[in-house]
Amino acid sequence: MVRICIVGTGYVGLVTGACFAEVGHHVVCVDNDLKKVELLKAGGIPIYEPGLEELVKKNVDAGRLHFTNDIAEGVTKSEVIFIAVPTPPRADGSVDMSFVERVAREISGAMTEYKIVVDKSTVPVKTGEKVAETIRRYNKHKVEVDVVSNPEFLREGCAVQDLMQPDRVIIGASGERPVAKMKEIYAPFHAPVIVTDINSAELIKHGCNSFLALKISYANAIAAICEASGANIEDVAHGMGLDKRIGRAFLNAGLGYGGSCFPKDLSAFIHIAEQLGYDFRMLKEVQRINADQIQRFLKKIHDAVWIVKDKTIAVLGLAFKPNTDDMRLAPSLDIIRPLQKEGARIRAYDPKAMEKAKEFLSDVEYCDSAYAAASGADALVLCTEWDEFRKLDLEKLRSVMAQPIVIDGRNVFDSKRMAELGFVYKSVGR
Ligand code: NAD
């Protein structure tokens, strides 16, 4: 059992804390958002993530998981302190490191003995050095510290599973002592552990996310060629994906990537590379293809309905991907806002993200089912591939719509079947 503190109780911090507690560690989760801490203490969960609520409750009841807004309490009670605070983008694409820097100072201020401080936030290469420097500079007692980079690869929507059964654990450290402690923390997860220097660990995370975004843009570029040539992206991706060197995952054509990670991590990596004297033009192109994909999709909507003004458009799926309520940089926002600007009425349904969507969108009529959203609609636009949408009764859907027009941004429905049912159906790359 290791005594652990996690600073930042968001998607990464809360799930990590719950999973560490689940394997027997004692965890204090710290957050400076008082409302969030109070909600968690009262048994509530601030985010939707499958399996998380049960896991948190079980470990709180077992006395292994605690919440506080007092970072000093968390630091004092723990041997290892994880930093899991936001690293948002600044206007120029660089990373706003002020959250991490502030937490480093706060940890330092509360440290009276040796600690291991682990950075789990996604950060630019060389951040570990800066965190170590900051902690040493602000510590009055001049105690020893080891800083470790332990990037997180969880996917929202299956974060608990990803944490409990990681593909690999990356430990970027200098020295035996922190590596041994990190291995002890991760031993119950039985995952391959890769030990590197701190800079390499930090680069692995940006390298991964940029490569995954690249795969999505690659699929979207091929989808554009499929549309122009009459080929089918699903078949092309299947045929490519069976090649073990390529793999099928992330070769999905659609609305492109969104969310709180890929867009910002790509911008960050481009910026970091620039600072280091490398012009990462390949990633700039990935960004361009991603932005184009939204424009191409909006054109499909216009081609189908012609004039958008005064039309009622049903939107199915708002979250940036299925099984989450996360609306940060969701592609649905880039579809809905221009349609509203042109005078469309939006009726929307998402199984989990409607509450969060209200913080991002105005003048949307939220409905309690896909059929309710589609009712009387001149067209239906699908933005997120929730499983629930695959199971829709399509005849019923058509019967409630004013016009049987479906523009599918995630290739959820079968083109042939949609045509047989009398839909005007447009999807991506087929
Ligand atoms: P989040 O916004 O969901 O959570 C961050 C939490 O930190 C919030 O609850 C916030 O209140 C808290 N916080 C901010 N400043 C604080 C402070 N000074 N003291 C205490 N708490 C503070 O963010 P997230 O999605 O969990 O992301 C955190 C980091 O992990 C980011 O660097 C992100 O890029 C990275 N990451 C995210 C994911 C993901 O899927 N969300 C996956 C891998 C890595």
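Figure 1. Lysine 77 is partly exposed at 46% relative accessibility, where partly exposed denotes the range between buried (under 20% relative accessible area) and exposed (over 50%), computed with a 1.4 Å probe on protein chains only. The closest N and O atoms of glutamate 73 and lysine 77 are 3.0 Å apart, and the two residues form a salt bridge, that is, a side-chain nitrogen of Lys or Arg within 4 Å of a carboxyl oxygen of Asp or Glu. By this rule the count comes to 29 salt bridges. The model is predicted, so local features require pLDDT of at least 70 and side-chain atom pairs pLDDT 80 or more, while totals for chains, interfaces and linings use all residues. Residues are numbered from 1 along each chain as its sequence is written, and side-chain values use heavy atoms, with hydrogens and water left out.

Figure 2. Lysine 264 and aspartate 265 form a salt bridge in which the closest N and O atoms are 2.8 Å apart. Lysine 264 is buried, with 13% relative accessible area, and aspartate 265 is buried as well, with 1%. Arginine 410 and glutamate 385 meet through their side chains in a salt bridge with an N to O distance of 3.6 Å. Because arginine 410 lies in the loop between strand 13 (405-408) and helix 18 (415-420), and glutamate 385 in the loop between strand 12 and helix 16 (387-390), the pair ties together parts that are 25 residues apart in sequence. Helices (H or I, at least four residues) and strands (E, at least two) are DSSP runs numbered from the N terminus. Arginine 410 is buried at 15% relative accessible area, whereas glutamate 385 is partly exposed at 23%. A network of salt bridges with shared partners joins Arg3, Glu79, Lys181 and Glu184.

**Figure 3. Strand 1 and its parallel neighbours.** Strand 1 spans residues 3-7, and four of its five residues are buried. Strand 1 pairs in the parallel sense with strand 2 (residues 26-30) over five bridges; pairing requires that DSSP find at least two bridges between two strands. Histidine 26 in strand 2 is the bridge partner of arginine 3. From strand 1 the chain passes through helix 1 (residues 11-22) to strand 2, a β-α-β crossover that is right-handed: with the strands pointing away from the viewer, the path from the first strand over the helix to the second runs clockwise. Strand 4 (residues 80-83) also runs parallel to strand 1, to which four bridges join it. In strand 4, valine 80 stands opposite isoleucine 4.

Figure 4. Threonine 9 is placed in the loop between strand 1 and helix 1 and is buried, with a relative accessible area of 3%. The C-alpha atoms of threonine 9 and cysteine 29 are separated by 6.1 Å, although these residues are 20 residues apart along the chain. Leaving aside residues up to four places away in sequence, threonine 9 touches Leu14, Cys29, Val30, Asp31, Lys36, Leu40 and Phe67, contact meaning heavy atoms within 4.5 Å. Asparagine 59 belongs to helix 3 (residues 52-61) and is buried, its relative accessible area being 0%.

Figure 5. The chain is divided into domain 1 (3-196), domain 2 (205-281) and domain 3 (288-426), with bounds from an automatic or database domain assignment. Taken over C-alpha atoms, the centres of domain 1 and domain 3 are 37 Å apart. Eight residues of domain 1 contact ten residues of domain 3. About 700 Å² is buried between the two domains, 46% of it from carbon and sulfur atoms; buried area is the accessible area (1.4 Å probe) lost by two parts on being put together, summed over both. Tyr11, Tyr48 and Glu156 supply 75% of the area that domain 1 buries against domain 3, more than any other three residues. One salt bridge is counted between domain 1 and domain 3. Glutamate 156 and arginine 328 form a salt bridge through their side chains, at 3.7 Å from N to O.

**Figure 6. Helix 13 and its cover.** In helix 13 (residues 331-341), the buried residues are Pro331, Ser332, Leu333, Ile335, Ile336 and Leu339. Their cover includes helix 12 (281-305), strand 9 (312-316), strand 10 (345-349), strand 11 (364-366) and strand 12 (379-382). Glycine 343, with a positive phi near 100°, follows helix 13.
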